[in-house]
Amino acid sequence: MIFELEHTMNIYLSLFGSAERVYELIRRIQWRDGHAPPEHWLDTPDSLYLIANAFNLCVVLIAQIGSMIVLLMYSYSDRTTGILVIGHLAEQQHFIKLLA
């Protein structure tokens, strides 16, 4: 996902509106030592666009506070795109994969 952000920076700058937000997302992703603390968790909706484009997927978020569908903005691959359905458990501040 870092590769995606770094190599298509101009797209994410336009989408997020600032370089600060792009670098914040890169910082959140950079964690390699066991369970990530909350400051390294992905958040929505920005991270959903990153997931969709990096993994060539349609992402569906199901949540009590508002569901959303994120489609690919572009694709460099000819592989078949899939669908990733994520459920948001608000009280536990947790996401679970419902379907992939």
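Some ground rules. It is a predicted model, so local features need pLDDT of at least 70, side-chain atom pairs count only at pLDDT 80 or more, and totals for chains, interfaces and linings use all residues. Residues are numbered from 1 along each chain as its sequence is written, and side-chain values use heavy atoms, with hydrogens and water left out.

Start with α2, residues 9-16. Helices are DSSP runs of H or I, at least four residues, and strands are runs of E, at least two, numbered from the N terminus. Met 9, Tyr 12 and Phe 16 are the buried residues here. They cover an arc of only 65° around the axis, which puts them on the same side of α2. That arc is taken from the directions from the helix axis to the C-beta atoms. On the other side, Asn 10 and Ser 14 are exposed. Buried means under 20% relative accessible area, exposed over 50%, partly exposed in between (1.4 Å probe, protein chains only).

What do the buried residues of α2 pack against? They pack against α1 (2-7), α3 (19-29) and α4 (46-55). Just after α2, Gly 17 takes a positive phi of about 90°.

Next, α1. Glu 4 lies in this helix. Glu 4 counts as buried, at 10% relative accessibility. Leaving aside neighbours within four places in sequence, its contacts (heavy atoms within 4.5 Å) include Tyr 12 and Leu 50.

Last, α4. Here 7 of the 10 residues are buried, so α4 is largely enclosed by the rest of the structure. Among them are Asp 46, Leu 50 and Asn 53. The buried residues of α4 pack against α1, α2, α3, β1 (57-62), β2 (68-70) and β3 (82-89).
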